[in-house]
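Here is a colleague's note for someone opening this entry without having seen it before. Please keep the display at hand while reading the points.

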Amino acid sequence: MSHQRSGDRVQGLWSDLVRCDEPLEPARAARGNILGRIKFAAAPAAPALVGGAPRLTTHMASGNDVPAEEIWRTELPVRVGQDGSAVFAEDGEHLFYAARLEPQPVYRDRVREMYENALRFTWERGYTELVRMWNLIGGITSPNADGVEIYRDFCVGRSEAFAAWNERFPQLPAATGIGTLSPGVDLCFFATKPGRTVHLENPRQTPAYEYPSRYGPKSPSFARATFLEGQGAGSLFVSGTASILGEDTAHVDDVAWQTVETLRNIDVLVGSDNLSRYGVKGGGYGVRDLDQIKVYVRDREHVPVVRDICTLVFPAHSEIAYFNVDVCRADLLVEIEGVCR
């Protein structure tokens, strides 16, 4: 792949994942400009401009959990602002956008409206390629007022929005759909100027957008990963990944084997064989190359098991956070996401 724009180098996008009780060391904190912050806190809050940067605050910490924050940075100058109740920042190459939908009896129509507003805003500013999305959904496997699972309800609205904007955003990005500890939907994402993204699927898994109707009236709308070209080798954003083979949950009721299968899925997804299928040059990665890792575990008693397996796999220097929240299927016990650089 190649990317040219007026002879300028394409600038990078990177992040730090930190515990809120352990401030980032000064040298790292001073590097670059903040494009967006995602705080995993003990209570939700409306998206806001905090310290000159947009911040999404979602409820994922409880009890003795230490809140964490993901801080996204860029080398370019940043402009921030508000779009109604949403907040954003842009640097001419990347856009960060965050919005919150308060609890609804039924989510479909309001999710479609939120997504269409976000896509319209993004397109009008010339950021025509979606890179990475997070959909943080309270009560994700609980019923809505009509008795429909909230995630399935959500997926209908999201799918309808993408269908309406299909000609302008034909490629689905890497994404995570995961539970939170309070009702409502938190949405945030990155988009970029054209010519920089490649969206990948996993040969071990059916593309999520091709799931059969038994998983809901509308399939989930995301790719398994997105490669973003930048300086050097670029970045590979890995979607929330679970123990799914084909379209089916593997190792039901066995959290250890679900964790191992999830890691296998990531290893295949980011490997050189799969990247070469999509024309991504420069070799591949392995699961040990994953960083800025977020691990979502449905049942608190399973966290030590999952942590022990991840400790064996990921290097000691990896930035990793664990969250005790629901996953998007009732029989999925763990989900893992991250970034390879």
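Predicted model: local features only at pLDDT ≥ 70, side-chain atom pairs only at ≥ 80, totals over all residues.

1. Residues are counted from 1 along the chain as its sequence is written.

2. Strand β2 (residues 33–41) runs antiparallel to strand β5 (residues 68–74), and seven bridges join the two; here lysine 39 stands opposite glutamate 69 in β5. With strand β4 (residues 53–59), in contrast, β2 runs parallel, and this pair is joined by five bridges, with arginine 37 standing opposite arginine 55 in β4. Strand β4 also pairs with β3, in the antiparallel sense and over four bridges, and in that pair alanine 45 stands opposite threonine 57 in β4.

3. A second open sheet has six strands in the order β6-β7-β8-β11-β9-β10, again with mixed pairing. Because β6 (79–83) and β10 stand at the edges with a single partner strand each, one side of each is left without a neighbour in the sheet. The twist in this sheet averages 15° from one strand to the next.

4. Which strands does helix α2 (residues 108–124) lie across? Helix α2 lies across β6, β7 (86–90), β8 (94–101), β9 and β11 (185–192), and runs at about 160° to β8. Helix α3 lies across β9 and β11, running at about 155° to β9.

5. Two further helices meet one another. The axes of helix α4 (residues 255–270) and helix α6 (residues 303–313) come within 9 Å and cross at roughly 35°, and the crossing in which α4 passes α6 is right-handed. On the α4 side the residues in contact are Val255, Ala256, Thr259, Val260 and Leu263, and they meet Val305, Val306, Ile309 and Val313 in α6. Sorted by class, this contact has eight nonpolar residues, one polar residue and no charged residues.

6. The largest pocket has a volume of about 540 Å³. It is lined by 23 residues, of which Arg19, Val66, Ile320, Ala321 and Tyr322 are the closest to its centre. At least two lining residues are supplied by each of β1, α6 and β18 (320–324), and the largest share, five residues, comes from β18. By class, the lining of the largest pocket divides into 13 nonpolar, two polar and eight charged residues.

7. The second largest pocket holds about 340 Å³ of space. Among its 27 lining residues, Tyr151, Tyr211, Pro220, Cys328 and Arg329 lie nearest its centre. The elements giving two or more residues to this lining are α3 (150–164), β10 (174–180) and β14 (235–241). The lining of the second largest pocket consists of 12 nonpolar, seven polar and eight charged residues.

Terms used:
Heavy atoms only, no water. Axes fitted to C-alpha atoms, helices over the stretch in contact; angles between N-to-C directions. Left-handed = near helix turned anticlockwise from the far one by under 90°. Contact = heavy atoms within 4.5 Å. Nonpolar A, V, L, I, M, F, W, Y, C, P; charged D, E, K, R; others polar. Pairing = 2+ DSSP bridges. 1 Å grid on protein atoms, 1.4 Å probe; cavity = no way out; pocket = protein on both sides within 12 Å on 5 of 7 lines; lining within 4 Å. Points joined across faces, edges and corners; volume = space filled by probe spheres on them.
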